[in-house]
Amino acid sequence: MSPRSHGTGLFEPRQFAQLGNGVVIEPGVLVFHPENIVVEDNVYIGHYTILKGYYKNRMVIGEGTWIGQQCFLHGA
């Protein structure tokens, strides 16, 4: 079986399962499977963070969460 890419991580805000009000997503953030990610209100996501949703589960980032730069969150 040959290796395959998970994609570029580039995304459009409309692709999220839910994107709340007052959300800040800094430049360089990569998102995989945004359709399985819920971002509630007033969330900050720092530069170059990676959010990796999982095809079986839903990642929920709760209201008021602050995620620093270069963090990696996996929804599995």
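This is a predicted model: local features need pLDDT of at least 70, side-chain atom pairs count only at pLDDT 80 or more; totals for chains, interfaces and linings use all residues.
View 1. Although W66 and Y44 are 22 residues apart in sequence, their C-alpha atoms are 4.8 Å apart in space.

**View 2. The pairing of strands β5 and β8 and the sheet to which they belong.** Strand β5, which covers residues 44-45, is joined to β8 by 2 bridges, and the two strands run parallel. An open sheet is formed by 3 strands in the order β2-β5-β8, with parallel pairing. Its edge strands are β2 (24-25) and β8 (66-67), each of which pairs on one side only.

View 3. N42 is placed in the loop between β4 (37-39) and β5. The phi angle of N42 is positive, at about 55°, although this residue is not a glycine. N42 counts as partly exposed, because its relative accessibility is 47% and that class lies between the cut-offs of 20% and 50%.

View 4. Q70 is found in the loop between β8 and β9 (72-74), and its phi is positive at about 60°, although Q70 is not a glycine. With a relative accessibility of 59%, Q70 counts as exposed.

**View 5. The whole chain, as the setting for the close-ups.** The protein contains 9 strands and 0 helices, so that from the N terminus on its elements run β-β-β-β-β-β-β-β-β. The radius of gyration is 12 Å, close to the 11 Å that the globule rule gives for 76 residues, and the protein is therefore as compact as a globular protein of that length. Taken along the principal axes, the box filled by the C-alpha atoms is roughly 45 × 25 × 20 Å. Among contacts with a separation of 6 or more, 4% are accounted for by residues 24 or more positions apart.

**View 6. The surface and the charged side chains.** Of the 76 residues of the protein, 32% count as buried. The protein exposes about 5100 Å², of which carbon and sulfur atoms supply 50%. There are 5 positive and 6 negative side chains, and the centres of these two sets lie 16 Å apart.

Definitions and conventions. Residues are numbered from 1 along each chain as its sequence is written. Side-chain values use heavy atoms; hydrogens and water are left out. Helices (H or I, at least four residues) and strands (E, at least two) are DSSP runs, numbered from the N terminus. The radius of gyration is taken over C-alpha atoms; the globule rule is 2.2 Å times the number of residues to the power 0.38. Buried means under 20% relative accessible area, exposed over 50%, partly exposed in between (1.4 Å probe, protein chains only). Contact means heavy atoms within 4.5 Å. Accessible areas come from the Shrake-Rupley method with a 1.4 Å probe; for residues, only the protein chains shown count as cover. Lys and Arg count as positive and Asp and Glu as negative; His and the chain ends are not counted. The place of a charge is taken as NZ of Lys, CZ of Arg, CG of Asp or CD of Glu. Two strands pair if DSSP finds at least two bridges between them.
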